[in-house]
Amino acid sequence: MASGKAAAEPLGRTAEEVAWAEALRGACEPEHHWRHRREFLLRNVGEPPAAGSAQLQRLVSLSMVWANHVFLGCRYPPQVMEKALEMAEGIQVTDAPIRTTRDELVAKKG
């Protein structure tokens, strides 16, 4: 049973690392959002930060910024977006919706 579980761990991570990330999942977060946000967290964590630390809050916040941008079309200040996109580099998302921005809609009417 342990060998089957090890094969399912993302990015060759240990069960302990995945359990750490799983504790950060939002209660209502859809599986396809979580799968990619978990990858973001595990790629950027290094040594897991202490619970409640500023480092952990920053990492979780940036993971949510990135996921909200990809899946919900949210926009954030340029410096925040640059950092989140830089941290997400290499994460392949194939099931994200395609959105039309407000700016694109306004440009079409003009």
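Student: What share of the 110 residues of the chain counts as buried?
Tutor: This is a predicted model. A residue counts as buried under 20% relative accessible area. Of the 110 residues in the chain, the buried share is 32%.

Student: How many helices and how many strands does the chain have?
Tutor: Read the elements from the N terminus: they run α-α-α-α-α-α. The secondary structure therefore comes to 0 strands and 6 helices.

Student: How much of the accessible surface belongs to carbon and sulfur atoms?
Tutor: Start with the total. The accessible surface of the chain is about 7400 Å². The part belonging to carbon and sulfur atoms is 56%.

Student: Among contacts between residues at least 6 apart in sequence, what share joins residues at least 24 apart?
Tutor: Contact here means heavy atoms within 4.5 Å. Take the contacts between residues at least 6 apart in sequence. The share joining residues at least 24 apart is 54%.

Student: Are the rings of F40 and W66 stacked or edge-to-face?
Tutor: A search of the whole structure finds 1 aromatic pair. The ring centres of F40 and W66 are 5.6 Å apart, and their planes lie at 20 degrees. Planes under 30 degrees apart count as stacked. So the pair of F40 and W66 is stacked.

Student: Which helices does that pair tie together?
Tutor: F40 and W66 are both buried. They are 26 residues apart in sequence, so the pair ties together separate parts of the chain. F40 lies in residues 31–44 and W66 in residues 54–72, which are helices α3 and α4.

Student: Which residue forms a salt bridge with E22?
Tutor: The structure holds 5 salt bridges. In the one with E22, the closest N and O atoms are 2.9 Å apart. E22 sits in helix α2, its partner in helix α3, 16 residues apart. That partner is R38.

Student: How far apart are the closest N and O atoms of R37 and E29?
Tutor: R37 and E29 form a salt bridge. Both residues are buried. Their closest N and O atoms are separated by 2.7 Å.

Student: Which helix holds both K83 and E86?
Tutor: Their side chains meet in a salt bridge at 3.7 Å, N to O. K83 is partly exposed at 30% relative accessibility, and E86 is exposed at 51%. The two are 3 residues apart, about one turn of the helix. That helix is α5.

Student: Are α4 and α5 roughly parallel or roughly perpendicular to each other?
Tutor: Two packed helices are described by the angle and the distance between their axes. The axes of α4 and α5 come within 9 Å and cross at roughly 90 degrees. Residues that meet include L59 and L62 in α4, with V80 and M87 among those in α5. Angles of 65 to 115 degrees count as roughly perpendicular, so α4 and α5 are roughly perpendicular.

Student: What separates the C-alpha atoms of M87 and N44?
Tutor: M87 lies in helix α5 and counts as buried at 13% relative accessibility. Leaving aside neighbours within four places in sequence, M87 is in contact with F40, N44, L59 and L62. M87 and N44 are 43 residues apart along the chain, yet their C-alpha atoms are separated by 6.8 Å.

Methods. Residues are numbered from 1 along each chain as its sequence is written. This is a predicted model: local features need pLDDT of at least 70, side-chain atom pairs count only at pLDDT 80 or more; totals for chains, interfaces and linings use all residues. Side-chain values use heavy atoms; hydrogens and water are left out. Helices (H or I, at least four residues) and strands (E, at least two) are DSSP runs, numbered from the N terminus. Buried means under 20% relative accessible area, exposed over 50%, partly exposed in between (1.4 Å probe, protein chains only). Accessible areas come from the Shrake-Rupley method with a 1.4 Å probe; for residues, only the protein chains shown count as cover. Rings of Phe, Tyr and Trp (its six-membered ring) pair if their centres lie within 6.5 Å; planes under 30 degrees apart count as stacked, over 60 as edge-to-face and the rest as tilted. A salt bridge is a side-chain nitrogen of Lys or Arg within 4 Å of a carboxyl oxygen of Asp or Glu. Axes are lines fitted to C-alpha atoms, for helices over the stretch in contact, and angles run from 0 to 180 degrees between N-to-C directions. Angles under 35 degrees count as roughly parallel, over 145 as roughly antiparallel, 65 to 115 as roughly perpendicular and the rest as oblique.
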